[in-house]
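Dear colleague,

I am handing over the structure shown below, and I would ask you to keep it open while reading. The notes that follow set out what was found in it.

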Amino acid sequence: MELAREDALFMVRCRVTEEKLLRLERGTRVLGFQNGAKKVLSIFGVIALICLVVKGLFEGMVALILSAIGGAMLLIFVAGTYAIAKGWAGTKRDIKKKYNENKAEYQREKEFHFFEDHYEVVGEFEHSRLEYNNIGRMLDMSGMIVFLEKGDVVRFFMKDDVKKGNATELAGFLERMSETKMEYVSVK
Amino acid sequence: MEKKFSVSMTYNENVFYHRALVSGPDHGKPTKKSMLGDLDFSDILMSILAFGLYFLATGGVDLPNRIFQSVIAWILFLTVMRSLNRMRKSSKEPSRSESALKRVAKSDLGASGQDGETCIISFGEDGFLVESPGIVSEYKYAGVTRIKETEEFFMIFKSRLTIIPVEKSGLEDGNVDEFREYLEEVCGLAVEKTAAVA
């Protein structure tokens with residue numbers, strides 16, 4: 001089943017680290033709900049700011065109403081921001097725990113060999129051979145390449161983990177072979 | 001690889017339902033419920049801070065009104081925190097009811113892109129081979145971390161997230177009891193029976 005790794009056009013050697021798991025989680029948050037929650041909170045923040053600035057132009061009841069709305073929005077904004085920060089701190093704790101629980105597995109080296117018509121994932125206890133049309137989605141998370149395979153399998157590695165060929169060429173090659181466009185996700 | 005057992009199966013909602021059934025948290029000790037409900041101690045501290053800040057910020061207003069507004073602000077803060085904590089908890093610990101598991105199964109099946117695909121699993125001496133269209137994976141028994149059994153499936157855990165379902169009715173050689181014994185012997189693990197969902 002296995003072709004010689006020397007024949008591979010690109011080769012990646014990697015291990016799962018806590019930093020990689022955190023980056024993956026951040027990227028997933030940018031793509032999903034958490035980003036939506038941030039947008040909603042920003043709207044509350046902007047409304048609060050507008051109300052508190054505009055109330056200076058009015059007097060009496062109007063100023064009082066604007067002040068109350070502004071105050072309420074500001075409180076929701078602060079509470080939401082605090083909740084998101086607290087949620088992220090909890091997630092970081094969970095990832096650390098998950099990493100420590102599965103440390104032995106994560107620290108095992110894994111290699112990806114990319115050939116002309118298929119690619120192979122080789123680990124101590126796994127050897128998979130896959131056709132490129134199994135890649136359903138590809139993401140570039142600021143230095144980390146993530147691809148989602150059929151069967152809900154997520155594979156990821158840093159661009160620095162590319163040991164044969166270079167990461168930019170590999171990304172282009174994967175786009176061409178899987179006929180999938182790379183999505184860019186900015187992760188800070 | 002000398003074949004000892006072989007299983008043929010088709011991916012459908014039932015496969016993913018049983019996968020969802022075994023992939024949840026173990027039913028160990030029930031988690032202790034806090035006196036504060038969905039709020040944490042830090043939320044209470046933050047809400048007191050919010051009360052204080054609001055009280056200070058409304059310096060121009062008469063005292064009863066200031067206290068009233070600050071209490072409203074305090075309640076509002078706690079309500080927002082409670083709702084957000086609930087949202088976070090429900091996404092971390094999804095419901096385990098049958099209807100919720102069926103929803104998860106449907107969504108996972110859609111995301112997997114495997115609906116209707118057939119798969120053949122051949123169990124050899126050192127490992128097992130999973131063959132589905134375009135994917136051939138060989139796993140070593142030494143890498144199996146856990147085996148769970150439901151009414152219709154054996155679920156082989158390669159890691160916490162990678163679960164390989166093996167349908168009992170798809171077993172082509174031998175019977176379920178022989179297969180269970182074989183798995184326990186080659187993996188050096190006891191098969192854990194999963195209770196059916198009430």
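**The shared sheet**

An open sheet of nine strands runs in the order S8(A)-S1(A)-S2(A)-S3(A)-S4(A)-S4(B)-S3(B)-S2(B)-S1(B), with antiparallel pairing. Its edges are strand S8 (162-164) of chain A and strand S1 (5-10) of chain B, each of which pairs on one side only. On average, neighbouring strands of this sheet are turned by 15 degrees against each other, direction ignored.

Some conventions are needed before the details. The model is predicted: local features need pLDDT of at least 70 and side-chain atom pairs count only at pLDDT 80 or more, while totals for chains, interfaces and linings use all residues. Residues are numbered from 1 along each chain as its sequence is written, chains are lettered from A and ligands numbered from 1 in the order in which they are written, and side-chain values use heavy atoms, with hydrogens and water left out.

Helices (H or I, at least four residues) and strands (E, at least two) are DSSP runs numbered from the N terminus. Two strands pair if DSSP finds at least two bridges between them. In general, strands of a sheet pair through backbone hydrogen bonds, either parallel or antiparallel.

**Chain A: strand S2 and its surroundings**

Strand S2 (residues 110-114) of chain A pairs with strand S3 (residues 119-122) of chain A in the antiparallel sense, over four bridges. Within this pair, Phe114(A) stands opposite Tyr119(A), and His113(A) stands opposite Glu120(A). A hairpin of four residues joins S2(A) to S3(A). S2(A) also runs antiparallel to S1(A), to which five bridges join it; here Val12(A) stands opposite Phe112(A).

S2(A) is mostly covered, since four of its five residues are buried (buried means under 20% relative accessible area, exposed over 50%, and partly exposed in between, with a 1.4 Å probe and protein chains only). Helix H5 (residues 167-178) of chain A lies across strand S1 (10-14), S2 and S8 of chain A, and runs at about 110 degrees to S1(A). Axes are lines fitted to C-alpha atoms, for helices over the stretch in contact, and angles run from 0 to 180 degrees between N-to-C directions.

Elsewhere in chain A, Gly27(A) lies in helix H1 (residues 18-31). Gly27(A) counts as buried because its relative accessibility is 0%. Leaving aside neighbours within four places in sequence, Gly27(A) is in contact (heavy atoms within 4.5 Å) with Met141(A), Val185(A) and Val187(A). Gly27(A) and Met141(A) are 114 residues apart in sequence, yet 6.2 Å apart in space, C-alpha to C-alpha.

**Chain B: overall make-up**

Chain B has five helices and eight strands, and from the N terminus on its elements run β-α-α-α-α-β-β-β-β-β-β-α-β. Of its 198 residues, 40% are buried. Among the contacts in chain B with a separation of 6 or more, 64% are between residues 24 or more positions apart.

Arg19(B) is placed in helix H1 (residues 13-23) of chain B. With a relative accessible area of 15%, Arg19(B) is buried. Not counting residues up to four places away in sequence, Arg19(B) touches Asp152(A), Asp108(B), Met155(B) and Ile163(B).

Helix H4 (residues 98-112) of chain B has 15 residues and reaches 21 Å from its first C-alpha to its last, close to the 21 Å expected at 1.5 Å a residue (the expected span is 1.5 Å times one less than the number of residues). Its buried residues are Ala100(B), Leu101(B), Ala105(B), Asp108(B), Leu109(B) and Ser112(B), and what covers them includes H1 of chain B. Just after H4(B), Gly113(B) takes a positive phi of about 70 degrees.

In helix H5 (residues 176-187) of chain B, Phe179(B), Arg180(B), Tyr182(B), Leu183(B) and Cys187(B) are buried. They lie on the same side of H5(B), because they cover an arc of only 165 degrees around the axis; the arc is that of the directions from the helix axis to the C-beta atoms. On the other side of H5(B), Glu181(B) and Glu185(B) are exposed. Just after H5(B), Gly188(B) takes a positive phi of about 65 degrees.

With kind regards
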